[in-house]
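Subject: Structure handover

Hello,

Here is the structure you will be working with. Please open it first and keep it in view while you read.

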Amino acid sequence: MEEILRINGISKRYDDITVLDHVSLSIKSGEVVVIVGPSGCGKSTLLRCVNSLENIQEGEILLNGESVNPGNKKPAALRQKIGMVFQSYELFPHKTVLQNLTLAPLKVKKTGRKEAEEEGLKLLERVGLLSRKDNYPSQLSGGQKQRVAIMRALMMHPEVLLLDEITAALDPEMVREVLEVVLSLAKEGRTMLIVTHELQFARAVADRMVFIDGGRIVEEGTPEEFFEHPRTERLRKFLHSFSYGE
Amino acid sequence: MDPEVLKSYLPRYAEAFLLTIKIGWLGIALAFVIGMLSAFVIHFRIPVLKRIAGYYVELFRNTPLLVQLFFIYFGLPKVGIVISAEACGVLGLGLLGGSYMSETFRSGLEAIPAAQKESALSLGMSRGQVFREIILPEALTISVPAIAANVIFLLKETSVFSAISLMDLMFTAKDLIGLYYDTTEALFMLVLFYTIMLLPVSILGSIAEKTVRGKMPGQ
């Protein structure tokens, strides 16, 4: 498998607070990398840097060998190739479900309306929301909104998909319907960089696990090594904080 | 109340009604444009212009329309600018309304969560597209109830136009009372015509609010 995304020693600072400290990560095409870590460790910031929503002070981010650091290239061109889904769904409230899906293809890629709508309907059918195509986001449940948001990102045919704690705002019974969509994307070979607190899900979906603490990558490895034989004390402690009654 | 008197007053009130509506709506249209421009320069922190807009909003929000009209109607000719009373009415209403509309639009723009913009950007949309397709429609949606309230408020403010000798509804009522002393009839017609002018606006405002309900951010 060839490398698709390379994060090369990036650092992110706000004034004198270092959020990311020389983080390096390489992601191969079709690989699913799951990042976990305590709140405020910098994992969401890392995703935002990859998508140029944050600028970085040091290092370099390469997509297919091309530098995508802010300033080097128009961020809009880069973002077309990198899809992102947010914790709070962020569907456009004044547009219907189908319009949410077709807006970017129509405006950015100049896809024909018919073609965009056909693809949108196909994706809605895939996540069981075809009957909701003319509803507004406010008429959907959180889980439905998030499934629409994932499909909206897919409409741009991104090479990499960034998922930023996409189940964190959901009621527990809706988490599964969203994670099943992500699992099916993993099965069809999508390249994904996922930040989550759902460790069981992480284990099921990940090809590789990454543990970030204090702005640095502390440990990374296969899900098996990661969960069964954590090498560092910090990761052991972190994993332990999720278990009860032991 | 004498129906014959009411009937005889009708043509004068109808004429005043049309004038009031004309100046009122032209003023409101101007207020819309001024308010939008002012809100944009304040929201996007455009240097220099943002300060001018800030002073403008505070000045016009904190002075009565009557005082503003006097300045425009009696003050401008002193510096060599002579405009008709009607133009003064439109300008005065536009400047007053602009300061209110500016605050309305600005709060609409500020109510949109930053993540909305980021999610649009992350789909590859340009900043201009994000503004046109996402931010502006959402800000306007949020502002609908406040815009409707502003429009009703501004139409009622037209009642001070009589002070610069515009023959609006208020002027007509005062004039007729002075001429014939049929106070009850004159005031009845005044209330009637203001209601005819404002009730449809109020109803349209409610309809607009219902239409946008469920399309606001954060739901």
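First, the ground rules. This is a predicted model, where local features need pLDDT of at least 70, side-chain atom pairs count only at pLDDT 80 or more, and totals for chains, interfaces and linings use all residues. Residues are numbered from 1 along each chain as its sequence is written, chains are lettered from A and ligands numbered from 1 in the order in which they are written, and side-chain values use heavy atoms, with hydrogens and water left out.

**The interface**

Chain B brings 20 residues to the contact and chain A brings 27. Contact means heavy atoms within 4.5 Å. Together the chains bury about 2100 Å², with 60% of it on carbon and sulfur atoms. Buried area is the accessible area (1.4 Å probe) that two parts lose on being put together, summed over both.

Two salt bridges cross the interface. A salt bridge puts a side-chain nitrogen of Lys or Arg within 4 Å of a carboxyl oxygen of Asp or Glu. A:Arg48 pairs in this way with B:Glu118, and their closest N and O atoms are 2.7 Å apart.

On chain B's side, helix H5 (114-121) and helix H6 (127-157) each give at least two residues. H5(B) has the largest share, six residues. Helices are DSSP runs (H or I, at least four residues) and strands are too (E, at least two), numbered from the N terminus.

**The largest pocket**

The largest pocket holds about 510 Å³ of space. Its lining has 25 residues; B:Lys117, B:Leu121, B:Arg127, B:Val130 and B:Ile135 lie nearest the centre. Helix H2 (75-79) of chain A supplies at least two lining residues, as do H4 (85-110), H5 and H6 of chain B.

On a 1 Å grid over the protein atoms alone, a pocket is an open set of points with protein on both sides within 12 Å along at least five of seven lines; in a cavity a 1.4 Å probe fits but cannot get out; lining residues have an atom within 4 Å of a point. Points are joined across faces, edges and corners, and a volume is the space filled by probe spheres set on them.

**The largest cavity**

The whole structure has one cavity of 30 Å³ or more. The largest cavity holds about 40 Å³. Its lining includes A:Phe86, A:Tyr89, A:Arg152 and B:Leu123. Strand E6 (82-85) and helix H5 (142-154) of chain A each supply at least two lining residues. H5(A) gives the largest share, three.

Best wishes
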